[in-house]
Each structure stands twice: as structure tokens, then as C-alpha cells.
Amino acid sequence: MSRRAIFDNKILPYVLLAPQLAITIVFFFWPAGQAVAQSLLRQDPFGLRTTFVWLENFAHVVRDPAYLNAAGTTLIFSLAVVALAMGSGLLLAVTADKPIRGAGVYKTLLIWPYAVAPAVAASLWLFIFHPTIGMLGRAINQAGIPWDYTLNGTQALVLVILAASWKQVSYNFIFFLAGLQSIPRSVIEAAAVDGAGTRQRFWKVTFPLLSPTTFFLLVVNLIYSFFDTFGVIHSLTRGGPGKATETLIYKVYVDGVVYLDLGGSSAQSVILLLFVVTMTALQFKYIERRVHY
Amino acid sequence: MRSLIAGVIAVMLVAGGATLSAPASIAQVPAPTVVAQAGRVTVDFWYGLTRPLGDILEGIATDFNNSQTRYRVVSSFKGAYPETMQAAIAAFRAGNAPHIVQMFEVGTATMMAARGAIKPVHELMKEAGIPFDPSIYLPAVRGYYSSPDGKMISMPFNSSTPITFYNKDAFRRAGLDPEKPPQTWSELRAAATKIRQTNAAPCGFTMAWPTWTNLENFSAIQDVPLASKMNGFEGMDAQMLTNSALHVRHLQTLMDMHREGTFRYGGRDSAGDALFPSGECAIIHGSSGLRARVIREARFAWGVTYLPYYDDVKGAPKNSIIGGASFWVMTSPRRTADEYRAVAEFFKFISQPEVVANWHMETGFVPITFPGMTLVQSLGYWQANPGADIPFKQLTRSRPTRNTMGLRLGNMPEIRVIFYEEWEKAFQGQQTAKQAMDAATRRSNDVLRRFERANAP
């Protein structure tokens, strides 16, 4: 016997969906559509002179060495952030899932960084790691290790990766913890009875059962590292030194908003949009098959 | 499959939100309309000065409002200069441009190219029937904001120029004469070396606004061109000339000093500012506007002097060029003659000697008119504050030449960043001075060509 609620009203669902759809169209599809239109135009910042240039902006973008450089930086940055944020989130969740004294306090404290705005988070990191005004930064230099992320590109990239990952660890922690807690104890106990050690229990039982959470977090973290890390980069390094920390999204901002090259910037955001859509589609197509719900 | 669609939509939501370039997404809501008092014409004025400078500027607008009953200037802070510029451009595109916007000097070429968006000041004053004499402005200021045929396009207001600040206590500790600061690059290098050898300060020499102080002003002071076509004044087809032997030599000097540990690169834009008042670096090239901060924060005796020059360069030193900002009048579809008249009256008010002199004395910006300067002198301010006249003297020490009028290069903010990037790589030892200047010049020329294409009449 199936218990299904039956609604005869054909209009009601659309009415209920309307507010969300309206927001989506006005704030997301419309501007995205405008970006597509703008990417085919060459225009001065004030919009006084407009020329339709077909795909010239795209041709410029893909030939620009700075763009390829930003793509490479984004790749390193995103992989590092995803790996670091998810790895630490999982580790912390596994640890907090055990019956330990004061678990509630740890859990609360671990969630805090997520509530910190990116710009504020970046300022905290700045006050810790800045070579002249940062507490730890000064100490490192005094210990004889040359540390100056304002001039050393590798150090700058490491710093923004750490700061961006730190921001996201909390989020991953909560989801992993919830995921762990929804795994039935009986399964793990059964494995223990069968003679599986701690390590085996985790990799053979817990981790596969956690895969829906892991998969969800993978998508979310990738999107985070692509788009939401703007604030951290902007406040810490502004893409520098050189172009060492300029990711694709940061370049969209700099070219469009600071340098007022609207056509080029739009072309970049269209490429970015297509890239992430493709990547997510592929993820769902191929990786999702290996996920056990 | 359902989750696939959901995922794609989720991505589009995020990515859509990230398309910053679409005009509608950056269009700003116009400043809250203040209910106009009976009969008063309201003028929106957007500025980009942070406190305390912004407060002083607002004070001037309030004084204007109190000085008469027909017009009212409503001033709003729109973030730093670049944000103010972006806000004004977005507002213009949405048909809601403010009447007046404060724009930093490197935005000048962009604004001048936007002929339909701005109203030249000389035209505004003529239409309002208000006498306006550009010759009261210092030549270095007037030239920067005038069209090639000498007509004033924007209204000069806050102008600064880079100078040298030095720590007299550190000089004394190093056995240097604190009353004889270095005037040439070889003297500066010798002083910085002495300071480091004696450990009189942790850092010898640094600079704020590196490209403004040591590229743009460097070129003016040594009287060499920064770009062809009179630094861009004579046309948008100007080419950067920044890989000359002298430019390369100067970067080499800085790189050598960086390697010796006598020069520290303090970061882009104003980031280097902090290194001087803290006592870290004994010498800094910074904006004359840094003076207020040094007075407030420095716990040591300090002095100011001119920017150094290479004494084997013929004709050096010439006058420096300005930075800071000017006021631009923007057009809008519904703007009335009365509103333009109000703007003109406000401009007349701010060019009075009293306003110019007070602004200088309160902020450290340069007194930009000769009557204003005379008033400052007659008040005895420069006698009471030694060194406060250095920026003025440096700006006026020679008649502006073709190389010292200023610069008018499109997308100048982007060009500055290109030089930061190439210099930073050079300081890290990743390339030679010649490679850095060649690369920066080539990349800047690409930027200039893009500007030329987008703004070709």
C-alpha cells in the first residue's frame, strides 16, 4: 500500500516555486546572460562606444599568457585547498566522533572559523604571518628563515591555500561528523567481530559508507575553491606578488572591475562558467556511480 | 540524473553570481535622495578619501552649504579611489551618475576619453557665467588636468607629490649629518649602507607607491620621457619608453641595494607607508600626504627633503609630478542647467585661497593655487613647520618640460600593476633589470593598444 499525497491543483506547485525561480532568474540567469552578451562586445568603460566583435575577446583571453598562468595557479590552488580542507575536516570529524571528554566544546570551537567572514579571516592570517607586523611572521624571520610572502610567490601561494582551507575545514567537519554519526554502529561492530582492525574498519567500512557525504563535499569544496576564495586572496595578497596568487576568479574581478575591460572579463567568466558546469557534470556522471547511498 | 541537473543548477547559481562584469550586477543604487529643502538645488558628490581626510572634505561641503541658500552639496563616501571610479562608471551606465565625482590622477586618461560622460570644467564655468582663471593653478597641476590645447577638463583639488622622509635619529646613530639628507642616488645609497653597517635602523631605504615615486616621478625628475607623444598627452597611440638605459639602470640600482640589504621593497601602493613611522626604515619615498601620519605616529625626530636624482644625468633635477585626485563633472540624461550652475558655484567656492590654504595645512596636500600658497606663506605656516614647503618647491622648481607635465596614459592603474609584478620578480632574482623593464614595457604597450581600440573616436 502506498501512501501518496495527491494534489489536484496544477497551478499551486508553480506558485510555490515562483519566489525561488524569480530570484534565480533575476540574480543569476539574467546577469549570466548579460555576461554572455558582453563577452561578444568591445566597449569602453562608460558604454559610450560599442562594437560587436564576435569571439575576439575569447581569442584574446586564451592567447594571454597571464590567463594560462592563472589557470595553472587555480589548478594547484583548488586541488590543494580541496585536499587539505577535506582531509583535515575528515580527520577532525573522526577524532571528534569518538567518545572523548568535552567533545561538545571541541565541536563548537571547530565550527567557529566558518562563521568568520573571508576578509576578516584573511586579516587574522595577515596579523599572524605578515613578515613585519605578524607575530609568527616576525618570529620565523628572527629564527633565521627568510619569510616574506609579499615578495616570495611560493610562500604567498602556500599562505592563501592555508587560509582558504582553514576557512572551509569547519564546513567539512560538520558534514563529515553528521555522516559518521548516521553510519549504523552495528555495521562497524560486525566488522570488528569479523576481526577487522581500526584501520581496516575505517577504510573498508566507514569510508565507503561516507561516500555520499564525501562526494557532496567534493563538489561543494571545488566550487568554494574556485569562486568563494576571492575574499581571502583579495585581502591577503591581491593576486601578488607578481601573479603568484592570481586565480581565474580573481582575474575576472581584476580585469573587469579594476581594469574596466568588460569584454575580456566577461569572456573569462563565460569560460569559467562552462568549465565548472562541464566539470560538475562529469563528476556526477562518472564519480557518482561509485557512490553508495 | 536528477542529481546531475541539480548539480548543474547549483554550479550555475554560484558561477552566475560570480559574473562580475555584467553591468547590471555592479550597478549601484544611487545615493539616497535627500529631500531638497525648499528651492535648493541638490548636487550629488561622490568622493574616495578615507578618514580623517574624508571628514575634512565633508566639512568643506558643509561650509559651502552654509555659505548660501540656493544650492546644496550632498557628499557621500564611495570607498577608495578605484571603488569610487567603478561606482561612478556603473552609475553612469545605469543613467544615475552623480554630479561630481572625485577621481584619482591615474584615472584621468580614462575620464578624458569618455567625452559623452563628462562635462569639461572650462565649459561648465563658461556656461554658468562664472569667471575662471586656470593660470592661478600651479603649472604641474594645471597641465595634468588640461586638454592638449590648454583647456581645463577637471577641477583640481587634492594634489600631492612624492618626497623623501628620513629618520634624523637614525642618521645621528649612523654618524650621518641629520641636517644634510642625501640629494642624489649615490648619496642615498651611501647613507643607507652606513645605516645598515652601523645597525642604526633595521632597514635603510624603502618606498611607498613604488611606480609613482620611482618610475613616473623618477622619469620626470631626470627629465626623460615615460612614454612617447609627450607621455600620452598628444595622443592615445603613445608607446611606453620605459626600457631606456636610464630606467634599466635605476631598477638595477634598486636590485643591487635590495641584494645588499640596504633597500627593502615594502609592497604595492601605500603598503610601504607603515615602514617609516614605525622606525623600521630610515628613509622612505612617500607621498607628501604621508606627513600627517608621520606626525601622529613617529616616535623619533624626522625631516623631509627632495626626491634624489642621478647627478650625471643632464638637466636633472626637474620638477616632480602630482598625484592625488581631481573633481569631474558627470553628465546624465536628466541634468538641468540649474544643477550645473550649482556645481560651478561649488567649484568657485573650493578654489578660494582660504579653502586651498586650509586644506593644505590640515592635510599635507599641496596648496594648488598661487593665491592659496601666498596665503599659507603670509600665515607663517611654513616657518612654523619646516619642510612643509618641500612638496610645493619640488613641484615648482622648474618650468614643466615635455617630460614633466605629468602623464596621460589609458588604463594607467593596470600599467602600474604590471610594473609591480615585473619588479617583484626582479627583486626575487627571477629576472634581470633589463628583462624586467622590457617585459613591463611590452605588456604596458599591449594595455595601451587595448585602450586605444576601445576608445578610438
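This is a predicted model: local features need pLDDT of at least 70, side-chain atom pairs count only at pLDDT 80 or more; totals for chains, interfaces and linings use all residues.
Local features are reported where pLDDT is at least 70 and side-chain atom pairs count only at pLDDT 80 or more, whereas totals for chains, interfaces and linings use all residues. Residues are numbered from 1 along each chain as its sequence is written, and chains are lettered from A, with ligands numbered from 1, in the order in which they are written.

Chain A contains 13 helices and 2 strands, where helices (H or I, at least four residues) and strands (E, at least two) are DSSP runs numbered from the N terminus. Along the principal axes, the C-alpha atoms of chain A fill a box of roughly 75 × 75 × 30 Å. Of its 293 residues, 38% count as buried; a residue is buried if 20 or more other C-beta atoms lie within 10 Å of its own, exposed if 12 or fewer, and partly exposed in between, with C-beta atoms placed from the backbone. Among the contacts in chain A with a separation of 6 or more, 67% are between residues 24 or more positions apart, two residues being in contact if their C-beta atoms, placed from the backbone, lie within 7 Å.

The largest nonpolar core has 192 residues, and those with the most contacts inside it are A:Val160, A:Ala163, B:Ala88 and B:Val343. Such a core is a set of buried Ala, Val, Leu, Ile, Met, Phe, Trp, Tyr and Cys residues joined through C-beta atoms within 7 Å. Helix α7 (residues 153–181) of chain A supplies the largest share of this core, namely 13 residues. Because domain 1 (38–160 + 323–379) and domain 2 (162–320 + 409–455) of chain B both give residues to the core, it lies between them. When neighbours within four places in sequence are left aside, A:Ala163 is in contact with A:Ala121, A:Ala122, A:Trp125, A:Val232 and A:Leu236.

A:Leu159 also lies in helix α7 of chain A, and it counts as buried because it has 24 C-beta neighbours inside 10 Å. With neighbours within four places in sequence again left aside, the contacts of A:Leu159 are A:Trp125, A:Phe129, A:Tyr149 and A:Leu236. The C-alpha atoms of A:Leu159 and A:Leu126 are separated by 9.4 Å, although these residues are 33 residues apart along the chain. In helix α3 (residues 65–97) of chain A lies A:Leu92, which counts as partly exposed, with 19 C-beta neighbours inside 10 Å. Residues up to four places away in sequence not being counted, A:Leu92 touches A:Leu110, A:Val169 and A:Phe173.

Helix α12 (residues 248–258) of chain A is largely enclosed by the rest of the structure, because 10 of its 11 residues are buried. Among these buried residues are A:Lys251 and A:Asp255, as well as A:Leu248, A:Ile249 and A:Tyr250. Just after α12(A), A:Leu260 takes a positive phi of about 60°.

In chain B, the two domains, whose bounds come from an automatic or database domain assignment, have C-alpha centres that lie 29 Å apart. Contacts between them involve 13 residues of domain 1 and 16 residues of domain 2. On the side of domain 1 that touches domain 2, helix α5 (residues 108–113) of chain B gives the most, with 3 residues. This side has 8 nonpolar, 5 polar and no charged residues, where Ala, Val, Leu, Ile, Met, Phe, Trp, Tyr, Cys and Pro count as nonpolar, Asp, Glu, Lys and Arg as charged, and the others, Gly among them, as polar.

An open sheet of 5 strands in chain B has the order β8-β7-β9-β6-β10, with mixed pairing; two strands pair if DSSP finds at least two bridges between them. The edge strands are β8 and β10 (302–305), each pairing on one side only. Strand β7 (residues 203–207) of chain B is largely enclosed by the rest of the structure, because 5 of its 5 residues are buried. Strand β7(B) runs parallel to strand β9 (residues 281–287) of chain B, to which 4 bridges join it, and B:Cys203 stands opposite B:Cys281 in β9(B). The pairing of β7(B) with strand β8 (residues 263–265) of chain B is likewise parallel, over 3 bridges, with B:Met207 opposite B:Tyr265 in β8(B). By contrast, strand β6 (residues 162–167) of chain B and β9(B) run antiparallel and are joined by 5 bridges, and the bridge partner of B:Ile163 in β9(B) is B:Gly286.
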